[in-house]
Amino acid sequence: IVVILMILVALFLCQLSIIGLDSKKFLKYENPLPPWRRLFLYPISWCCRIILFTIGFHNIKIVGEPSADACYFTPNHSTFIDALVMFWLTRSSAVAKAESFKAPVIGSIFRALQIIPVQRESKESKGMTKTLMNRFANSRANKNPAKRFPRILIFPEGTTSKQQYLLMFQRGAFLSGHPVQAVALKYNYTHFNPAWIVNRKNDYFL
């Protein structure tokens, strides 16, 4: 019940932040959200923390802090929980499948958080995604905070993996020359490994 409530709260805040905007024009991300609209998004990071607490992540140990200079955060990717942890800590944007924007709840949240869409099978879409990523990263050098887009969260492995090792990184976040902050996420467990492993035949927890 708590998780559903937090999702509904996040959805309500996201809808308030983009109310009155043309959705198609807004998705071009020509400008960041004005500061007054961003105010509605700040509580969402704590919605993420409440969800994490509710599903059992009570004590989260944090070593270091997000760099003020970083344009990209590049954590390892073990589970869907990674996104909740990273948004709680950084309130960053991300790159996600374009199909996700069509989902009723997820789509509204993604648009408000200025998530960058990509269609992996389309070269044109990949080119547009690269352009948007550079636009977001370049904006971080602007002296006016109101002109800055969110920093970008990218899982450079491109998929989930076990916690015991890393997969080869994709180069997207590293080609532009903008500052990148690597992040290591580790889930201590006794009986249940939260790593989400997908193989070609079955989706399963391992």
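Helix α6 spans residues 104-112, and within this helix Gly107, Ser108, Ile109, Phe110, Arg111 and Ala112 are buried. The model is a predicted one. The partners of the buried α6 residues are α1 (2-17), α2 (23-26) and β2 (93-97), against which they pack. Just past the end of α6, Gln114 adopts a positive phi of about 55°.

Helix α5, residues 81-90, is also mostly covered, with eight of its 10 residues buried. These are Ile81, Asp82, Leu84, Val85, Met86, Phe87, Trp88 and Thr90. The buried residues of α5 pack against α4 (42-54), β1 (72-75), β4 and β5. Directly after α5 comes Arg91, with a positive phi of about 50°.

One of the strands that α5 packs against is β4, and Ile152 lies in that strand. Is Ile152 buried or exposed? Its relative accessible area is 0%, so Ile152 counts as buried. Leaving aside residues up to four places away in sequence, Ile152 touches Cys71, Tyr72, Phe73, Ser92, Ser93, Ala94, Val95, Ile116, Met133 and Phe136. For one of these contacts, Ala94, the separation in sequence is 58 residues, while the C-alpha to C-alpha distance to Ile152 is 5.0 Å.

Two or more lining residues come from each of α1, α4, α5, β2, α6, α7 (123-139) and β6 (196-198). Which element gives the largest share of the lining? That element is α7, with five residues.

The last stop is on the surface. Here Leu166, Phe169, Phe174 and Val180 form a nonpolar patch, and together they have about 330 Å² of accessible area. Phe169 belongs to the loop between β4 (152-153) and β5 (180-183). Why does Phe169 count as partly exposed? Its relative accessibility is 33%, and the partly exposed class lies between the limit for buried, under 20%, and that for exposed, over 50%. The two strands that flank this loop, β4 and β5, are also among the elements that the buried residues of α5 pack against.

Terms used. Residues numbered from 1 in each chain as written. Predicted model: local features only at pLDDT ≥ 70, side-chain atom pairs only at ≥ 80, totals over all residues. Heavy atoms only, no water. Patch = residues over 30% accessible without salt bridge, like charges linked within 9 Å, V, L, I, M, F, W, Y side chains within 5 Å. Areas by Shrake-Rupley, 256 points an atom, 1.4 Å probe, with all protein chains shown as cover. Salt bridge = Lys/Arg side-chain N within 4 Å of Asp/Glu carboxyl O. Helix = DSSP H or I, 4+ residues; strand = E, 2+ residues; numbered from the N terminus. Buried < 20%, exposed > 50% of the residue type's maximum accessible area, 1.4 Å probe, protein only. Contact = heavy atoms within 4.5 Å.
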